[in-house]
Amino acid sequence: MAYRRTPAVQARLDAQSGSIVRAAMTVLSRDGFTGLSMAAVAAEAGVATGTVYKNFSGKAELVTAVFREVVTREVDAVRAAGAAGAGRTAPDRVTAAVETFAGRALKNPKLAYVLLAEPVDTVVDAERLRFRRAFAETYVSAIADGIADGQLPPQDPRTSATALVGAIGEVLVGPLSEQLQSESVLPELVAFALRALGVPPESLGVPHE
C-alpha cells in the first residue's frame, strides 16, 4: 500500500520548504544569482545541503520558487497601489503603481536585478517573462478606464501596459546593477509613464509649447 503523508508530516515538509525558499531569497538579495548555490542556501537555512536537494532538484527549481513567491508579493502590492477607487484618476493609479514597483525594487536592488535582468538559467528566464506579464496586467485596467472616461487618448491598453513595464525595467537596470539610490529615478519614471500614455503636458506641469 502506498504511503500517505499525514497532515502533520506534510505541514512540517511545507514549513521546511518555505524556510529554504526564504533562505534562498536572502542569498539572492545578498549575492545575486551567480552567488547562489545549494550549499550557500543550506547554510543560510541552517540545514544540510542534502535537505535542500530533497525539497528542490537544483538551483533552477529553487530560484523559480523564489521568483514565484516574490513576484506574487510584488504584484499584489502594485495591484493594490493602482486599484480603482473614489476620486482616483487613471494618471493617479498609474503614478501610484509605477512608484510602488520602482520604489520597492530600489529598496532591494540585488534581488530586483535578479528578477529583472541578471543572466539566469532558461527555466528561470521563462519565469521572468511571466513576471513581466503579471505586472503588465496591473496597468491594463487603469489604462482602459482612463481611455473610457477620456483621461487618456485611444490606444490598446495591453500593448501600452506591456511597453510600460518593459521601459520601466530597462530604466531600472542601471541603478539596480550599480545599487544606486538616485532621487531622480522615481519622478522621471512617473513623468515618462504619463507622457507615454498621452497625459496632456499641462497635467504634468510641463509648459505647453
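Which residue forms a salt bridge with Arg 104, and how far apart are the closest N and O atoms? The partner is Glu 74, and the closest N and O atoms are 2.7 Å apart.

## About the model

This is a predicted model: local features need pLDDT of at least 70, side-chain atom pairs count only at pLDDT 80 or more, and totals for chains, interfaces and linings use all residues. Residues are numbered from 1 along each chain as its sequence is written, and side-chain values use heavy atoms, with hydrogens and water left out.

## Salt bridges

A salt bridge here is a side-chain nitrogen of Lys or Arg within 4 Å of a carboxyl oxygen of Asp or Glu. The count by this rule is 10. Take Arg 104 and Glu 74 again. Arg 104 lies in helix α5 and Glu 74 in helix α4 (residues 59-81), so the pair ties together parts 30 residues apart in sequence. Helices are DSSP runs (H or I, at least four residues), numbered from the N terminus. Glu 74 is buried, at 13% relative accessible area. Arg 104 is partly exposed, at 33%. Buried means under 20% relative accessible area, exposed over 50%, and partly exposed in between (1.4 Å probe, protein chains only).

Arg 93 pairs with Asp 145, with the closest N and O atoms 2.8 Å apart. Arg 93 sits in α5 and Asp 145 in α7 (residues 122-148), so this bridge ties together parts 52 residues apart in sequence. Arg 93 is buried, at 5%, whereas Asp 145 is partly exposed, at 36%. Shared partners also join Arg 30, Asp 31 and Glu 44 into one network of salt bridges.

## Helices α5 and α6

The axes of α5 (residues 90-107) and α6 (residues 109-116) come within 5 Å and cross at roughly 120°. Axes are lines fitted to C-alpha atoms, for helices over the stretch in contact, and angles run from 0 to 180 degrees between N-to-C directions. The two helices are therefore oblique to each other. Angles under 35 degrees count as roughly parallel, over 145 as roughly antiparallel, 65 to 115 as roughly perpendicular, and the rest as oblique.

Phe 101, Ala 105, Leu 106 and Lys 107 in α5 meet Pro 109, Ala 112 and Leu 116 in α6. Contact means heavy atoms within 4.5 Å.

## The annotated region

The unreviewed UniProt entry places a "DNA-binding region" at residues 37-56. Such annotations may be inferred rather than shown by experiment. The chain there is 75% helix, and its end C-alpha atoms are 12 Å apart. Thr 51 is found in helix α3 (residues 49-55). Thr 51 is buried, at 18% relative accessibility.
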